Amino acid sequence: MITRQLLLALATAPVAAFDYNLVGAGSVVLTDVSTSISPLQTLFVDQDVSVVADGLEWEANDNATTVTGTLFYETFVDGKLAAQGNMSLDDVGRELPSSVDAGTLSVSKGGRYTIEVVLKVDEQEEAS
């Protein structure tokens, strides 16, 4: 059984020129890379799984303090970093993303795993 969690590092800086903050996220969705079966509830040994942070929520912000307009992600398996990356929000306009691909992972043995995705905007975060 997999425990899936989405940790959202709430940013105090807006995400784009239109001054929006990332304020919430819904779930982690796992997809088998080789078969495209989704959502997965079971990880198979040495089989790649793509991770998507889904259900992102944005809220208007009155402060114009964006530094880079970049959304960063870190994906953890049982507390160990499995993937990281970023996505520029500069060219998305008012259509801010409702989900973000958060990398690919695999496990080397069977068992129970906790998969977490942490999202940050402009590298500023608050614990949630």
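Entry 1. I started with V77, which sits in strand β6. This is a predicted model, so I keep in mind that everything here is computed.

Entry 2. Is V77 buried or exposed? I looked up its relative accessibility and got 12%. The cut-off for buried is under 20%, so V77 counts as buried.

Entry 3. Next I checked what V77 touches, skipping neighbours within four places in sequence. My list reads A82, L105, V107, Y113, T114 and I115. I then took T114 from that list and looked up the spacing: V77 and T114 are 37 residues apart in sequence, yet their C-alpha atoms are 5.7 Å apart in space.

Entry 4. On to the largest nonpolar core, which I found to have 25 residues. Which residues have the most contacts inside it? They are L30, L43, L71 and L119. Two or more core residues come from each of β3 (27-32), β4 (49-54), β6 (70-77), β8 (99-105) and β9 (113-121). I noted that β9 gives the most, with five residues.

Entry 5. Not counting residues up to four places away in sequence, L71 touches L22, L56, G85, N86, M87, L89, V100, L119, K120 and V121.

Entry 6. The protein chain has a mean pLDDT of 80, and 74% of its residues reach 70 or more. Where does pLDDT stay under 50? I found that stretch at residues 8-17, for which the model has 55 contacts beyond four places in sequence.

Notes. Residues numbered from 1 in each chain as written. Predicted model: local features only at pLDDT ≥ 70, side-chain atom pairs only at ≥ 80, totals over all residues. Heavy atoms only, no water. pLDDT = per-residue confidence, 0-100. Contact = heavy atoms within 4.5 Å. Core = buried A, V, L, I, M, F, W, Y, C linked by side-chain atoms within 4.5 Å. Buried < 20%, exposed > 50% of the residue type's maximum accessible area, 1.4 Å probe, protein only. Helix = DSSP H or I, 4+ residues; strand = E, 2+ residues; numbered from the N terminus.
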